[in-house]
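Please read them with the structure open.

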Amino acid sequence: MPSAPSRPRYDFLDAFRGFLVVNMIAFHFCWDLVFLKGVDWAWYRDFTLPARFWQTFIRFFFILLSGYCLNLSNHPLRRGLELTACGAVITFVTLIAMPEDAIIFGVLTFLGAATFVGTPVRKKNNGGTALSAICLFVSLLLYILFRGVSYGFIGIMFHPLIRLPSALYRGYFMTFLGFIAPFFHSTDYVPLLPWIFVYFMGFFLGRITLPVINERLSGNGKNHNSDSSRPRGDHSGRLPEDGGNHGSDSPRPCDDHSGRLPEDEGNHVRAKTPASYATAGLRWIGRHSLLIYMVHQPILAGITYLLMIMK
């Protein structure tokens with residue numbers, strides 16, 4: 001019985017996610033060094049422009065990539081439940097271990113909710129490239145307009161166009177939506193507004209680019225089936241969001257694989273270079289990003305504690 005044809009792999013998604021995870025770990029390690037060990041880095045402690053840019057870069061592209069990968073999901077609702085559950089665990093643990101720095105409505109909680117919101121759109125959006133491009137532009141515009149929601153307004157580049165009523169800024173549910181209550185504090189706060197629009201930017205970007213990528217990866221159409229305009233695979237939609245549940249009949253961005261394109265099967269041997277090892281490492285990190293996210297902070301705290309007692 002002939003073997004099934006090779007299917008395209010999305011190594012670049014794993015590698016880019018791994019790059020973002022490395023940045024996230026470095027950013028959080030800086031937090032531990034500054035606020036636990038007392039390292040005097042004013043640029044980080046005072047949250048100056050470099051620190052703000054670094055944090056926003058990581059968050060923006062994590063969410064963008066998660067929306068992009070919603071196109072590849074076989075089980076988005078199951079993934080959404082997993083992310084929501086992990087977010088609840090993070091909230092519970094931080095409330096117990098460090099209540100003054102607890103994480104409430106953090107990135108995992110957001111990604112779980114965004115998956116639930118995005119799944120119906122994924123099922124209904126079949127309008128082709130032109131419609132996806134329009135939706136991408138609208139999502140970008142809405143993200144820009146709603147950036148100031150947490151500060152009480154809708155505007156452009158933090159210049160208010162519409163002042164929002166203070167009655168909106170009450171309670172935990174409205175805070176989750178983006179209308180942050182005065183009493184609320186969280187070390188990691190990612191509300192639906194405006195970040196849901198970044199998620200949809202990634203989703204519609206995937207609608208535009210994945211059919212082209214699929215065609216190229218499949219060897220000029222050798223393995224390109226008729227419904228490739230709706231690319232399928234496993235959704236990582238998480239900060240972490242990858243690491244399993246990939247359907248056996250679809251392209252899989254997060255499986256453990258050799259990194260070869262389908263046409264590379266055979267006796268072709270590539271020389272290993274430092275760059276190839278680094279890329280393979282990033283792909284591995286990207287495929288296990290959820291697990292790494294869940295365990296990295298306790299490990300970093302332990303390293304920081306060792307540095308403190310060795311001082």
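The points below go from the overall build to the core, the surface and the charged pairs.

1. **Basis.** This is a predicted model, in which local features need pLDDT of at least 70, side-chain atom pairs count only at pLDDT 80 or more, and totals for chains, interfaces and linings use all residues. Residues are numbered from 1 along each chain as its sequence is written, and side-chain values use heavy atoms, with hydrogens and water left out.

2. **Overall build.** The protein chain has 10 helices and two strands. These are DSSP runs numbered from the N terminus: helices are H or I with at least four residues, strands are E with at least two. Their order from the N terminus is α-α-α-α-α-α-β-β-α-α-α-α.

3. **Burial and surface.** Of the 311 residues in the protein chain, 46% are buried. Buried means under 20% relative accessible area, exposed means over 50%, and partly exposed lies in between (1.4 Å probe, protein chains only). The chain exposes about 16,100 Å², with 67% of it from carbon and sulfur atoms. Areas come from the Shrake-Rupley method with a 1.4 Å probe; for residues, only the protein chains shown count as cover.

4. **Contacts along the chain.** Take the contacts between residues at least 6 apart in sequence: 74% of them join residues at least 24 apart. Contact here means heavy atoms within 4.5 Å.

5. **Nonpolar core.** The largest nonpolar core has 64 residues. Such a core is a set of buried Ala, Val, Leu, Ile, Met, Phe, Trp, Tyr and Cys residues joined through side-chain atoms within 4.5 Å. Which members touch the most others? They are Ile63, Leu108, Phe110, Trp195, Ile196 and Tyr199. Elements giving two or more residues to this core are α1 (11-37), α3 (49-69), α4 (76-97), α5 (107-124), α6 (128-145), α8 (192-217) and α10 (289-309). Helix α8 gives the most, with 13 residues.

6. **Nonpolar surface patch.** Leu36, Tyr305, Leu306, Met308, Ile309 and Met310 form a nonpolar patch on the surface. Together they have about 650 Å² of accessible area. Patch residues have over 30% relative accessible area and no salt bridge; nonpolar side chains (Val, Leu, Ile, Met, Phe, Trp, Tyr) are joined within 5 Å, like charges within 9 Å. Helix α10 gives the most to the patch, with four residues. Met310 sits in the segment after α10. Its relative accessible area is 66%, so Met310 counts as exposed.

7. Thr119 is in helix α5. Is Thr119 buried or exposed? It is buried, at 3% relative accessibility. Leaving out residues up to four places away in sequence, Thr119 touches Leu70, Pro76 and Leu77. Its C-alpha atom is 9.3 Å from that of Asn71, 48 residues apart along the chain. A polar side-chain atom of Thr119 lies 2.7 Å from the backbone oxygen of Thr115. Arg122 is in helix α5 too. Arg122 is buried at 12% relative accessible area. Its side chain reaches the backbone oxygen of Leu70 at 3.0 Å.

8. Side chains of opposite charge can pair when their charged atoms come close. The structure holds five salt bridges, each a side-chain nitrogen of Lys or Arg within 4 Å of a carboxyl oxygen of Asp or Glu. Asp14 pairs with Arg17, the closest N and O atoms being 3.6 Å apart. Both lie in helix α1, three residues apart, about one turn of the helix. Asp14 is buried at 0% relative accessible area, and Arg17 is buried at 1%.

9. **One pair to inspect.** Glu82 and Arg79 form a salt bridge in which the closest N and O atoms are 1.7 Å apart. The two residues lie in helix α4, three residues apart, about one turn of the helix. Glu82 is partly exposed, at 29% relative accessible area, whereas Arg79 is buried, at 3%.

10. **Salt-bridge network.** Asp40, Arg45 and Asp46 are linked in a network of salt bridges. The Arg45 and Asp40 side chains meet at 2.6 Å, N to O. Arg45 is partly exposed at 37% relative accessible area, and Asp40 is exposed at 61%.

Terms used: Polar contact = N/O pair within 3.5 Å; in protein donor to acceptor, adjacent residues only side chain to side chain.
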